[in-house]
Amino acid sequence: MKIIVLGAGKVGKALTQHLSDEDYDYDVVVIDLHAEKVEAIVNQYDVLGVVGNGASYDILLEAGVNDTDIIIAVTESDELNILACLMAKKMGAKNSIARVRNPDYLKQRSFMRDQLGISMIINPELEAANEIRRILLFPSAFKVDTFVGGKIEMAEFRLRENAKLINVPLNRLYKISKTNVLICAVRRKDVLIIPDGNTVLEQGDRIHVMGQHRDLVRFCHDINLFEQKTKRVIIVGGGRIAFYLSRQLVEQGIEVKIIENNPKRCLELSRKLPDVTIIESDGSDEEVLIEEGIENVDAFVALTGLDEENIVISLYGKQMKAKKTVAKVTRTNFMDVLDQLDIDSIISPKNIIAGHILRFVRAKNNKDEDGGVRTLHRLVNDEVEAMEFVVTPQTCFLNKKVSEVNLKNNTLIAAISRERGFVIPKGDTQIRLKDHLVVITTNRKICNLNDLVRK
């Protein structure tokens, strides 16, 4: 499969890295105006580079757009991304993805897809806001991923010293909680575990639990991890993520306060978000945070443009007893170190959209698109993938029981969603046509359901 990545900035570089890490022979060409950025990526990854304007006919022709499967435009300019995708489609590219960040274009997403033929419109700030919203609406969880249009959730929890699951083998889970959930992955320090019934959980383990929302909430109650509903939130930094997030939280009846030091941006936010309290001040100032009530908030979200500032003020928020802290971090080189800090959730917009784009790429890499990846989330520092598929007539284990499916190593069918409900699969559970399967695996070379089975 041939892929053109237009834009060698943070997102373009992260995407190139993810594509290079995939166990597929992708032919990747990176285009950027800046020769030094192109050279750096070409030297680091096994890709080709072209220097120039990605919306130029000659540059696209040089990159081989006429026989390209997917062009992914992720430059800093929304307009350039849209134009490049339109040009590429006319010149022969089969599919196109455009990063579009301006909120004014949000209402036009359907038009761009249906009328202009852009396959996918993606907004990193909006997707990051969506992820933070899910975390804040489920205070016990550090991360929440969704499948089957939100019908199934997978939440990540850390087992604190008072959790009832500590020193309990998973085959005794039913004694503590009778909810319909499955613990499908465990991270213990630097070790990844795909658990079975004999796995014994320990204090400090990060567990990934699959189920419907109401069951996950009940599960938290049962194992003593439940936290009260989020009612008050302070956000430091008034950028696009803060705008999208505040709008979503206000719709949920949550009281939101944004601290932003740019007077012009404060005026803009106050006009666009009349139900949000906008404070023009320095959100890294201890006195300002105390004055604005950091000691009494349910959640503290750091969304400034500086990773270091977000980390430091999130740690301060935790010290001041904020129940939940979330920090936006662009550079994820030191994620293992960040995991040791007392910050509840780390959000990386570039990694979030890289995951969305990889799902699309995987689906297009599959000849039978109906059986391809519908949803893809990366877990445990990208060591594990959670993927959603739909069972089709081409699925080789259609109508078989789960116990009869010879799955590859470290691969687990974690959940099944069907018209009449949600199923945590057991050995005698039958795989039916149109079932939505959520699969947990460490295998990076899975595009469709048939790839799960040993040949």
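Analyst: Happy to! The structure holds 17 salt bridges, where a salt bridge is a side-chain nitrogen of Lys or Arg within 4 Å of a carboxyl oxygen of Asp or Glu. Please keep in mind that this is a predicted model, in which local features need pLDDT of at least 70 and side-chain atom pairs count only at pLDDT 80 or more, while totals for chains, interfaces and linings use all residues. Residues are numbered from 1 along each chain as its sequence is written, and side-chain values use heavy atoms, with hydrogens and water left out.

Now to the domains. The assignment, which is automatic or from a database, lists domain 1 (1-121), domain 2 (142-221), domain 3 (230-350) and domain 4 (364-450). Let's look at domain 2 and domain 4, whose C-alpha centres lie 20 Å apart. Here 19 residues of domain 2 are in contact with 22 residues of domain 4; contact means heavy atoms within 4.5 Å.

How much area is buried between domain 2 and domain 4? About 1900 Å², with carbon and sulfur atoms giving 75% of it. Buried area is the accessible area (1.4 Å probe) that two parts lose on being put together, summed over both. One residue pair between domain 2 and domain 4, both at pLDDT 80 or more, is in polar contact. That term stands for a pair of N or O atoms within 3.5 Å; within protein, one must be able to donate a hydrogen and the other to accept it, and residues adjacent in sequence count only if both atoms are side-chain atoms.

On the side of domain 2 that touches domain 4, the elements giving two or more residues are β7 (143-147), β8 (152-158), β9 (182-188) and β11 (206-211). Helices (H or I, at least four residues) and strands (E, at least two) are DSSP runs numbered from the N terminus. The largest share of that side, four residues, comes from β7. By type, the residues there divide into 10 nonpolar, five polar and four charged. Ala, Val, Leu, Ile, Met, Phe, Trp, Tyr, Cys and Pro count as nonpolar, Asp, Glu, Lys and Arg as charged, and the others, Gly among them, as polar.

Leaving aside neighbours within four places in sequence, the contacts of Ile 440 include Met 154, Cys 184, Met 210, Val 384 and Leu 412. Ile 440 counts as buried because its relative accessible area is 0%; buried means under 20%, exposed over 50% and partly exposed in between (1.4 Å probe, protein chains only).

Glu 202 pairs with Arg 188, the closest N and O atoms being 3.6 Å apart. This pair links distant parts of the chain, 14 residues apart: Glu 202 is in the loop between β10 (191-193) and β11, and Arg 188 is in strand β9. Glu 202 counts as partly exposed because its relative accessibility is 36%.

Asp 435 and Arg 418 form the other, with 2.6 Å between the closest N and O atoms. They too link distant parts of the chain, with Asp 435 in the loop between β21 (421-423) and β22 (436-441), and Arg 418 in strand β20 (residues 411-418), 17 residues apart. Asp 435 is buried at 2% relative accessibility, and Arg 418 is buried at 16%.
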